[in-house]
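Please keep the sequence and the model in view while reading.

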Amino acid sequence: MAGKNRVSGWLRRRTDRASGSARPAWDSRPSRSSRGARPDTPDPQRDALVSAAAEAGFPVAPAAHPEGFGCSCDRIGCPMPGLHPVSMAWHTQASTDPQRVGQWLAKDPLANFVTATGVSHDVLDVPSEAGRLALERLTADSATFGPVAALGEDRLLFFTATRGTPADEDEWWPCALDSHPETADERPGVRWHCRGSYVLLPPSRLASGQSVDWLPGHGPDLPLPDPLPVLDVLTDACAQFGYEPEAEPMAWGR
């Protein structure tokens with residue numbers, strides 16, 4: 001891929017300069033969520049980061065953003081402020097077309113963005129404590145892991161290749177059955193975002209004042225790994241912290 005590792009290298013250099021100290025490349029401390037950016041101020045990095053994700057092949061779509069004590073959408077008492085797409089047709093709307101993405105970016109400088117999973121990539125979503133342990137183990141084993149983002153301080157998002165639509169449909173199901181974004185509270189352990197789901201993209205802002213950030217050196221231009229080896233490590237790490245899966249491994253799409 002042309003420009004491979006360009007974004008990841010930029011993120012690593014930027015974080016190293018800001019920290020002034022050596023840190024692991026996967027250090028999950030957000031590069032932006034603690035810097036006190038006002039929610040009504042456009043993020044100067046947003047356009048470049050969203051465009052880079054689309055260029056890497058991640059279908060993107062506009063999302064709501066935190067506004068005051070609520071959400072920019074017109075839903076009174078929105079239960080997911082800033083965490084959901086703008087359009088109900090987000091799945092078919094999501095695109096990697098530079099012109100279309102550019103129009104969305106220009107239309108609303110404050111908008112968050114989501115990426116639809118199960119098209120070109122899946123996302124394994126885990127509690128940050130388990131994710132950090134998994135990153136240590138993957139790094140120690142010289143294992144391949146690709147783009148990784150921190151969803152505030154609570155979750156880590158591991159981007160992987162997608163399993164798409166297997167020949168045997170009994171082996172797979174739409175993500176809405178177990179890890180649609182709205183089910184986070186019911187399923188706090190490993191959550192596999194595939195068909196029918198989405199995740200927020202960096203540098204989306206959260207209602208908590210935190211943000212979504214690529215880990216230094218692990219931006220969207222890295223190759224996407226096979227999800228199953230990464231899943232094995234993540235599942236073991238989650239179990240160590242008491243996040244036990246509700247079913248045998250077959251339920252995770254094997």
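How do the residues of the lining of the second largest pocket divide into nonpolar, polar and charged? The lining divides into 14 nonpolar, 6 polar and 5 charged residues. In this classification Ala, Val, Leu, Ile, Met, Phe, Trp, Tyr, Cys and Pro count as nonpolar, Asp, Glu, Lys and Arg as charged, and the others, Gly among them, as polar.

The model is predicted: local features need pLDDT of at least 70, side-chain atom pairs count only at pLDDT 80 or more, and totals for chains, interfaces and linings use all residues. Residues are numbered from 1 along each chain as its sequence is written, and side-chain values use heavy atoms, with hydrogens and water left out.

**Pocket and cavity**

The second largest pocket holds about 550 Å³ of space. Of the 25 residues that line the second largest pocket, A64, H84, P85, V86 and S87 are the closest to its centre. At least two lining residues come from each of β1 (60-63), α3 (90-93) and α4 (98-107). Such helices (H or I, at least four residues) and strands (E, at least two) are DSSP runs, numbered from the N terminus.

A pocket is defined on a 1 Å grid over the protein atoms alone, as an open set of points with protein on both sides within 12 Å along at least five of seven lines; a cavity is a set of points where a 1.4 Å probe fits but cannot get out, and lining residues have an atom within 4 Å of a point. Grid points are joined across faces, edges and corners, and a volume is the space filled by probe spheres set on the points.

There are 4 cavities of 30 Å³ or more. The second largest cavity has a volume of about 50 Å³, and its lining consists of T41, P42, D43, R46, P109, L110, A111, N112, P203 and R205. By class, this lining has 5 nonpolar, 2 polar and 3 charged residues.

D43 lies in the loop between α1 (6-19) and α2 (46-55), and the side chain of D43 reaches the backbone nitrogen of Q45 at 2.7 Å. R46 belongs to α2, where it is buried together with L49, V50, A52, A53 and A54. P203 sits in the loop between β9 (198-200) and β10, and a cis peptide bond with omega of about 5° joins P202 and P203. Most residues other than glycine have a negative phi, and most peptide bonds are trans. After α2 comes G57, whose phi is positive, near 100°.

**Strands and their pairing**

Strands of a sheet pair through backbone hydrogen bonds, either parallel or antiparallel. Two strands are taken as paired if DSSP finds at least two bridges between them. Three strands form an open antiparallel sheet in the order β1-β4-β9. Its edge strands, β1 and β9, each pair on one side only, and the twist averages 35° from one strand to the next. Angles run from 0 to 180 degrees between N-to-C directions, with axes as lines fitted to C-alpha atoms, for helices over the stretch in contact.

Strand β5 (residues 122-127) is mostly covered, with 6 of its 6 residues buried. The side chain of H193 makes polar contacts with the side chains of D125 at 3.0 Å and S197 at 2.8 Å. A polar contact is a pair of N or O atoms within 3.5 Å; within protein, one must be able to donate a hydrogen and the other to accept it, and residues adjacent in sequence count only if both atoms are side-chain atoms.

| Strand pair | Bridges |
|---|---|
| β1 and β4 (residues 112-116) | 4 bridges |
| β5 and β7 (residues 155-160) | 6 bridges |
| β5 and β8 | 3 bridges |

**Buried residues**

Why is H193 counted as buried? H193 counts as buried because its relative accessibility is 2%, where buried means under 20% relative accessible area, exposed over 50% and partly exposed in between (1.4 Å probe, protein chains only). T115, at 0%, is buried, and so is D43, at 9%.
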